[in-house]
Amino acid sequence: MPPKPLDYESINENVKKAQYAVRGELYLRASELQKEGKKIIFTNVGNPHALGQKPLSFPRQVVALCQAPFLLDDPNVGLLFPSDAIARAKHYLSLTSGGLGAYSDSRGIPGIRKEVAEFIHKRDGYPSDPELIYLTDGASKGVMQILNTIIGGVGDGILVPVPQYPLYSATIALLGGSLVPYYLEETANWGLDTNDLRQSVAQARYKGINVKAMVIINPGNPTGQCLSEANLKDVLRFCYEENLVLLGDEVYQQNIYQDERPFISAKKVLMDLGPPLSKEVQLISFHTVSKGYWGECGQRGGYFEMTNIPPETVDEIYKVASIALSPNVSAQIFMGLMVNPPKPGDISYDQYFRESQGILQSLRRRARIMTDGFNSCRNVVCNFTEGAMYSFPQIRLPPRAIETAKQAGKVPDVFYCIKLVEATGISTVPGSGFGQKEGVFHLRTTILPAEEDIPAIMDSFKKFNDEFMEQYEDQRGYSRM
Ligand code: DCS
């Protein structure tokens, strides 16, 4: 009997090649341990509500009313919901054709795309066109859709930072394209170097790869760095010279934990550069409701904005979006609320301000406690988390640990992270899942556990790490720092 179409040997090879470490081997081992009754701290995914973050009240009130519009006819509605939430729910329902149970336009509800455009205009100081904004089910679907539009086959290359968030490597693998790596420099706080970029492109072109796009993740995942304005200018000039479309993943734009390098969008820097670049460089920018102080990962709301993309291509992207009919309608409303939250003077403003700033300030403190905690551990060095939601310490594994891992058939950082979860319940992602330089090892943890729990988590990490290093260092005391 020949193999059946969905027998393992018959399925699409690209599916087998795609890897996604954020829910990979470590996550599976942690889930197994949890089933056996061990308490697991899931710091592998940037999923704030799963770690106890409370939703912001105003958006939930508005969406609750949109989901149950009959409440709007209840004479007691005003006792349960503030009047601005009621007004906003009516506003969003008036923008839909049939409420939350009906498909919307495949690009998203026009009135919400307009709110997104106004947000971008206010943020950057440059107008934005709602026709060039498409709403998506989380940023992930937007990224996949744009990569799908770019990649036709193995000859099409995408420059991706290393380390990177594996949505990129996995999607490029699924689509059968070529990932062209460029390395972020850990000793320069994960900055990028245009000479290195140039070299990566030259090498790829030498191999016959048509490098078409460059990805930046700003603030970085897993690396947590914020790109400076100068860095962004260099990147945009580079894209202009090399004829690349820039994919600006800006999902962590609200998650900034220092004041020296505030978030600046690639769109603003491009417009600041003026012509010819501002009219020529193609840019797609991504955003989401999953991050920031919203953390509404389960709602699956996102958008992308297209800059300098010709109308024919915009139409093709629309056509492909139409095949999936419609992004989630409730998620679109979350997006509308995120870009247009209560304003000073609104009834819900004080509460909204208190809740959102409470989360942000706590994340800022958590970023600091975790970085300091890692840096106090033997053979561990960690750059400060300037933004995003992760700490990405380098673990200097003793040669004997590396050998033991290899004998056990494990990548050394996977070996370390498995030992860590088995000993402490802390479930992380090994650095190899994001890509890293040869012979260098990391792990990624989120900074999302409750603030009051973090000191105990760091203590238990330190104890494990000390014992691990003790066990694998030789008597001469390898690489003490
Ligand atoms: N881009 C980056 C850089 C991300 O980190 C994520 C999610 C996404 C896009 C996609 O998010 P949404 O589809 O939810 O909008 N980050 C994953 C991570 O590393 N941990 O949790 C999820």
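The dialogue below moves from domains to cores, helices and single residues.

Q: What kind of model is this, and how are residues numbered?
A: This is a predicted model, in which local features need pLDDT of at least 70 and side-chain atom pairs count only at pLDDT 80 or more, while totals for chains, interfaces and linings use all residues. Residues are numbered from 1 along each chain as its sequence is written, and side-chain values use heavy atoms, with hydrogens and water left out.

Q: Which feature does UniProt place at residues 84-447?
A: UniProt positions use the numbering used here, feature names are shortened, and annotations may be inferred rather than shown by experiment. The unreviewed UniProt entry gives "domain: Aminotransferase class I/classII large" there. Over residues 84-447 the chain is 44% helix and 15% strand. Helices (H or I, at least four residues) and strands (E, at least two) are DSSP runs, numbered from the N terminus.

Q: Which domains does the domain assignment give?
A: Domain bounds come from an automatic or database domain assignment. Here they are domain 1 (13-52 + 359-472) and domain 2 (93-339). Their centres, taken over C-alpha atoms, are separated by 27 Å. The contact (heavy atoms within 4.5 Å) takes 36 residues from domain 1 and 40 residues from domain 2.

Q: Which residues touch the most other members of the largest nonpolar core?
A: Start with the general idea. In soluble globular proteins, nonpolar side chains tend to be buried together. A nonpolar core is a set of buried Ala, Val, Leu, Ile, Met, Phe, Trp, Tyr and Cys residues joined through side-chain atoms within 4.5 Å. Buried means under 20% relative accessible area, exposed over 50%, and partly exposed in between (1.4 Å probe, protein chains only). In this model the largest core has 106 residues, and Tyr416 and Phe461 touch the most other members. Helix 18 (residues 454-472) gives the largest share, eight residues. Domain 1 and domain 2 both give residues to this core, so it lies between them.

Q: What is phenylalanine 461 in contact with?
A: Leave aside neighbours within four places in sequence. Then the contacts of phenylalanine 461 include Phe374, Ile395, Tyr416 and Leu443. There is also a second, separate core of 32 residues, which includes Leu159, Val180, Ile264 and Leu277.

Q: How many residues does helix 9 have, and what should they span?
A: The expected span of a helix is 1.5 Å times one less than its number of residues. Helix 9 (residues 194-206) has 13 residues and should span 18 Å; its end C-alpha atoms are 18 Å apart, which agrees.

Q: Which residues of helix 9 are buried?
A: An α-helix has 3.6 residues a turn, so residues three or four places apart point the same way. In helix 9, the buried residues are Thr194, Leu197, Ser200, Val201 and Ala204. They cover an arc of only 115° around the axis, which puts them on the same side of helix 9. The arc is that of the directions from the helix axis to the C-beta atoms. The face turned away from the buried side carries the exposed residues Asn195, Gln203 and Tyr206. Strand 3 (156-162) and helix 10 (229-242) are among the elements that cover the buried residues of helix 9.

Q: Where are the cis peptide bonds that join asparagine 221 to proline 222 and proline 275 to proline 276?
A: Proline 222 is in the loop between strand 5 and helix 10, and omega of its cis bond is about 10°. Proline 276 lies in the loop between helix 11 (266-273) and helix 12 (277-280). For that bond, omega is about 0°.

Q: Is asparagine 243 buried or exposed?
A: Asparagine 243 is exposed, with a relative accessible area of 65%. Its phi is near 60°, a positive value in a residue other than glycine. Alanine 388 also has a positive phi, near 65°, but alanine 388 counts as buried at 0% relative accessibility.

Q: Where is methionine 389 found?
A: Methionine 389 is in the loop between strand 9 (380-381) and strand 10 (390-391). Its relative accessible area is 0%, so methionine 389 is buried. Residues that methionine 389 touches include Gly46, Tyr252, Lys291 and Thr445.
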